[in-house]
Amino acid sequence: MSAVEAKLAELGLTLPEVVPPLAAYQPAVRSGQYVFTAGQLPMVDGKLPLTGKVGAEVTPEEAKELARTCALNALAAVKSVAGDLDRVARVVKVVGFVASAADFTGQPGVLNGASELLGEVLGDKGVHARSAVGVAVLPLDAPVEVEIQVELTEA
């Protein structure tokens, strides 16, 4: 077990299986020392635990927890191409999308769920730049979607 996966276990988390693509793309691709994930939905066992817009059907607190799930799914996608999460030198960027009710402006707080998980799991390597974007709708009516970009150490 890698040190990163041991830390996940210490936090009571398990790295899930990679979420299969919903369309014509790969869950993650590697270019040089970087891995770019596709947008990861908060799928758990192949299903979305909640659907709808944040600030309407989904509370900001629920959405923050879903963003954590997205980040966990993103780490699984990274592992699928990097082979070992201990090769992560740092998370470079996180981009998060929040399906938002018209008057909801708390997207950064929702995306803190993903950012905080990456920090808990990777420590200083999890500190990153980030964009938090409110959108009208996401695939499958998901409340949150997160993609990450990571730099790997030399093999």
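Contacts between residues 24 or more positions apart make up 82% of the contacts in the protein with a separation of 6 or more. The model is predicted. The protein has three helices and five strands, and from the N terminus on these elements follow the order α-β-β-α-β-α-β-β.

**Overall dimensions and surface**

- The radius of gyration of the protein is 15 Å, which agrees with the value near 15 Å that a compact globule of 155 residues would have.
- Taken along the principal axes, the box filled by the C-alpha atoms is roughly 45 × 30 × 25 Å.
- Of the 155 residues, 44% count as buried.
- The protein has an accessible surface of about 7,300 Å², and carbon and sulfur atoms account for 54% of that surface.

**Packing of helices α1 and α3**

- Two packed helices are described by the angle between their axes and by the distance between the axes.
- Helix α1 (residues 3–10) packs with helix α3 (residues 107–122) at an angle of about 115°, and their axes are 8 Å apart.
- On the α1 side, the contact is made by Val 4, Lys 7 and Leu 8, while α3 contributes Glu 120, Val 121 and Leu 122.
- Sorted by class, this contact of α1 with α3 comprises four nonpolar residues, two charged residues and no polar ones.

- The structure contains five salt bridges.
- One of them joins the side chains of Lys 79 and Glu 5, with an N to O distance of 3.0 Å.
- This pair links distant parts of the chain, as Lys 79 lies in helix α2 (residues 60–82) and Glu 5 in helix α1, 74 residues apart.
- Lys 79 counts as partly exposed because its relative accessibility is 27%.
- Lys 7 forms a salt bridge with Glu 10, and their closest N and O atoms are 3.0 Å apart.
- Lys 7 and Glu 10 are three residues apart in helix α1, so about one helical turn separates them.
- Lys 7 is partly exposed at 27% relative accessibility, whereas Glu 10 is exposed, with a relative accessible area of 60%.

**Salt bridges around Arg 68**

- The side chains of Arg 68 and Glu 65 meet in a salt bridge with an N to O distance of 4.0 Å.
- Because Arg 68 and Glu 65 are three residues apart in helix α2, they are separated by about one helical turn.
- Arg 68 counts as buried, since its relative accessibility of 17% is under 20%.
- Glu 65 is partly exposed, with a relative accessible area of 47%.
- Through salt bridges that share partners, Glu 65, Arg 68 and Glu 120 are joined into one network.

Note on methods:
Residues are numbered from 1 along each chain as its sequence is written. This is a predicted model: local features need pLDDT of at least 70, side-chain atom pairs count only at pLDDT 80 or more; totals for chains, interfaces and linings use all residues. Side-chain values use heavy atoms; hydrogens and water are left out. Axes are lines fitted to C-alpha atoms, for helices over the stretch in contact, and angles run from 0 to 180 degrees between N-to-C directions. Helices (H or I, at least four residues) and strands (E, at least two) are DSSP runs, numbered from the N terminus. Contact means heavy atoms within 4.5 Å. Ala, Val, Leu, Ile, Met, Phe, Trp, Tyr, Cys and Pro count as nonpolar, Asp, Glu, Lys and Arg as charged, and the others, Gly among them, as polar. The radius of gyration is taken over C-alpha atoms; the globule rule is 2.2 Å times the number of residues to the power 0.38. Buried means under 20% relative accessible area, exposed over 50%, partly exposed in between (1.4 Å probe, protein chains only). Accessible areas come from the Shrake-Rupley method with a 1.4 Å probe; for residues, only the protein chains shown count as cover.
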